[in-house]
Amino acid sequence: MAVVRPFMGIRPSKDLVEKVASLPYDVMNRKEANEMSAGNDYSFLHVVRAEIDVDDSVDQYDKVVYETARKNLDKMIEDKILVQDESPCYYIYRQIMDGRVQTGLVGCTSIDDYMNNIIKKHEFTRPAKEVDRINNFDYCDANTAPIFLTYRKNDELNKMINDYIKFNKPIYNFTSEDDITHIVWVINGDFIIDNISRIFENTEYLYIADGHHRSASSVKVGLKRREENPDFTGEEEFNYFLSVIFPDEDLFIMDYNRVVKDLNGYTKEEFLDKVKDNFLVEEYTGGSYRPVDKHTYGMYLDNKWYKITAKDGITNKKNIVDRLDVAILQDNLLGPILDIKDPRTDKRIDFIGGIRGLEELERRVDEGMKVAFSMYPTTIDDLMEVADTGEVMPPKSTWFEPKLRSGLFVHRLS
């Protein structure tokens, strides 16, 4: 069963938390990271995207970038920008976005549970992206960013967390520049800590919601430390990685939309005829079309929106992955018609998180791309079913909001 344990967290001093907390490292490019951190020496981007502190001519994956990250982290601790709790704690991390609340527990999960598939995955990882976080975590001797996990809701744990919130004051309560409220409580009582750990011991599986590369990197750093310390006991901190764990009922998956550069040589009319082989195509005159059911899509082409609906013959699949909307679109339109064979690597396709709205799809097409597709969001039940069957979801299947802020919690590996 799942192993979750408290840790001696390193976290921002209360009066600096709003300046320290940053968006995750992987939702921005180097230029955007520079812009976001401009004028803010406290931003945790100086740790997770330390290339902002070296010359632009230096490759962002150069050794000096990771050395700079370690130097910046050590200085933030030395200057009391970040402080460490004196005993192992759990933390409650609540986020409120547009009135919707998700409440997670912050603790450390086991690299053995990851390797033994008690922590279940649903995505492939890319080695180059793993190496980047391996270096960041290893040089910093810390998990500098948490993994986003979920579990099937547990009423006992929910009540325990809600009761704790009711009778204890948070250490942080602030609203970030994207209008998301972040509230954190420290749990440091032995009795409740033991009960939380016990509940997870009786939890069959945890699931990675977001952070496959971070989790794979954390595990590889832990295995590297085991090789360097052959007498390890399994209790050392490097055997665990930083996680925020939410009940499935709290999570919100947004649409993850597609935009394509060209029609693969087809005219608009020829393309529409091809699409009609496997989809019902209706011109939509009510503005932007956002799908409200599975197996329906919006399609923006030549200043017009269409509602396209997958025909029954292509949706009645036995395999859960083949039934996903992202797979149906890929297997019956993007691949065979537009020749997007591998969406992970094809430079003719781009992906737009639902947080940016359908207006972004229109803008991209109006400014030069050729066609865009709005998607019905993948559900958390779909994600868990895929993971339970040992399958892998197509790329860019899920977009979770809100994102976890970096810098609120740091887990030292030694």
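**Close-up views of a predicted model**

**View 1. Strand S14 and its two pairing partners.** In strand S19, Phe373 is the bridge partner of Arg258. This model is predicted. S14 and S19, the latter formed by residues 371-374, are paired in the antiparallel sense over three bridges. S14 also pairs with strand S18 (residues 349-353), again in the antiparallel sense, over five bridges. Within S18, Ile349 stands opposite Val260. S14 itself spans residues 256-260 and is mostly covered, with five of its five residues buried. From this strand Tyr256, Arg258 and Val260 point one way, while Asn257 and Val259 point the other way. The residues of both groups are all buried.

View 2. The buried residues include Asp325, Gln330 and Asn332, together with Val326, Ala327, Ile328, Leu329, Leu333 and Leu334. Ile328, a residue of H12, has a relative accessible area of 1% and counts as buried because this value is under 20%. A separation of 26 Å lies between the C-alpha atoms of Ile328 and Val27, which are 301 residues apart along the chain.

**View 3. A patch of negative charge on the surface.** The patch gathers Glu269, Glu270, Asp273 and Asp277. Glu270 belongs to helix H10, which runs over residues 268-275. The relative accessible area of Glu270 is 41%, and the residue is therefore partly exposed.

**View 4. The loop around Asp179.** Asp179 is situated in the loop between strand S9 (172-175) and strand S10 (181-187). Although Asp179 is not a glycine, its phi is positive, at about 65°. Asp179 is classed as exposed because its relative accessible area, 60%, is over 50%.

**View 5. The loop around His295.** The loop that holds His295 lies between strand S15 (279-284) and strand S16 (296-301). His295, a residue other than glycine, has a positive phi near 70°.

**View 6. The cis peptide bond at Pro402.** The bond from Glu401 to Pro402 is cis, and its omega is near 0°. Pro402 is located in the loop between strand S20 (399-400) and strand S21 (411-412).

Note on methods: Residues numbered from 1 in each chain as written. Predicted model: local features only at pLDDT ≥ 70, side-chain atom pairs only at ≥ 80, totals over all residues. Heavy atoms only, no water. Patch = residues over 30% accessible without salt bridge, like charges linked within 9 Å, V, L, I, M, F, W, Y side chains within 5 Å. Areas by Shrake-Rupley, 256 points an atom, 1.4 Å probe, with all protein chains shown as cover. Salt bridge = Lys/Arg side-chain N within 4 Å of Asp/Glu carboxyl O. Lys, Arg positive; Asp, Glu negative; His and termini not counted. Charge placed at Lys NZ, Arg CZ, Asp CG, Glu CD. Helix = DSSP H or I, 4+ residues; strand = E, 2+ residues; numbered from the N terminus. Buried < 20%, exposed > 50% of the residue type's maximum accessible area, 1.4 Å probe, protein only. Pairing = 2+ DSSP bridges.
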